[in-house]
Amino acid sequence: MTLAPPQQPAAAAAGPGDPVESRRRVSRRMSGRVTTATYHALMIVLVVAYVFPALWAVSMSLRTDANMFRSDQLIPHPITFEHYANLFDVLPDLWRYFLNTVVIAVAGTAGTLFSSSLAGYALARFRFPGRTPLLVTLLLTLMVPVHATLIPQYVIFRNLGWLNGPLPIIVPMLFGTAFATFFFRQFFLTLPRELEDAAAIDGAGPGRTFFSIIVPLAGPAYLALGLLTFVGLWNSFFVNSIYLSTQDSWVLTQALQSLIGRYNAQYGEIMAGVTLTSLPILVAYVIVQRWIVRGISMTGLAN
């Protein structure tokens, strides 16, 4: 008869005072702190990379000509506002250029929001043959550079007599853009269908449902995309320089570019103009930044 080996007592469960578990908790906390510190350091570097050029432009606009390129003049000493006063002397039609820019930016933004939201809603809610291929084709157009279609569009607008006016820039925006349409589609997919079902029970058609229920709920998306589109049109230079060649049709970016000559440039006035033209964008962003973040996050495009 063989005797069974004596059973070893079961290891006691690791308790709060177990040194191994304590070391693991400390290691996890340290790892979390290192990750957080690395993330914050990276964010600080990115903020400095984006903000420093803007601060440098403001600084140059406040420097004297003698101190314009001195590296120790980030905080100008002495401070002068002569470049802001001279800006209206070297660009006497500055207000005309400002008005041209506002007309193009506002009309183009409004047209893009209206058309793209309608198309995005149709792709998000309506079932029709070819919807998926249409969406794929729409996304594929994002890969086509604007330069590829520039010459055909120029010929068309020249034959229509639209050159040296805002129509070549505004009219294409009235039909929406692929990115804006996809942006709205993603946002509308996050809205519950029960809202539209309840509206249909009350007798509301698709049009009334869209304008009375969906549009008010899509306010963050309209604000986010509206500001992005407005900024793009406000800062646009390449397309404007193609269609707007006469001086009375210029926008602000073309007017500031004209201050750069072949052998010299009026850097103080240019930086003063850059600072002034950036103020409307900064003010608008500060006002609606909360809704912009919400609108982008709800579309699923934040990542």
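Start with Phe184, which is buried because its relative accessibility is 0%, and buried means under 20%. The model shown here is predicted.

Phe184 has an aromatic partner, Tyr222. Tyr222 counts as buried too, because its relative accessibility is 17%. How is such a pair described? A pair of aromatic rings is described by the distance of the centres and the angle of the planes. For Phe184 and Tyr222, the centres are 4.9 Å apart and the planes make an angle of 55 degrees. This pair is tilted. Now look at where the two rings sit. Phe184 is in helix H7 (residues 178-189) and Tyr222 is in helix H10 (residues 219-234), so the pair ties together parts 38 residues apart in sequence.

Phe184 and Tyr222 also belong to a cluster linked by ring pairs.

How many aromatic pairs does the count come to? The count is 21 aromatic pairs. One of these involves Phe157 and Tyr243. Their ring centres lie 5.6 Å apart, and their planes stand at 75 degrees, so this pair is edge-to-face. The cut-off for that label is over 60 degrees. Phe157 belongs to helix H5 (residues 150-160), while Tyr243 belongs to helix H11 (residues 238-243).

Find Trp56, then Arg63. Arg63 lies over the face of Trp56, 4.3 Å from the ring centre.

Next come the salt bridges. How many does a search of the whole structure find? The search finds two. One joins Glu196 and Arg125, whose closest N and O atoms are 2.6 Å apart. Glu196 lies in helix H8 (residues 194-201) and Arg125 in helix H3 (residues 94-125), so this bridge ties together parts that are 71 residues apart in sequence. Are Glu196 and Arg125 buried or exposed? Both are buried.

Another salt bridge brings together the side chains of Asp72 and Arg70, with 2.8 Å from N to O. Here the surroundings read differently on each residue's own value. Asp72 has a relative accessible area of 49%, so it is partly exposed. Arg70 is partly exposed as well, because its relative accessibility is 38%.

Terms used
Residues numbered from 1 in each chain as written. Predicted model: local features only at pLDDT ≥ 70, side-chain atom pairs only at ≥ 80, totals over all residues. Heavy atoms only, no water. Phe/Tyr/Trp six-rings, centres within 6.5 Å; stacked < 30°, edge-to-face > 60°. Helix = DSSP H or I, 4+ residues; strand = E, 2+ residues; numbered from the N terminus. Buried < 20%, exposed > 50% of the residue type's maximum accessible area, 1.4 Å probe, protein only. Lys NZ or Arg CZ within 6 Å of the ring centre and 35° of its normal. Salt bridge = Lys/Arg side-chain N within 4 Å of Asp/Glu carboxyl O.
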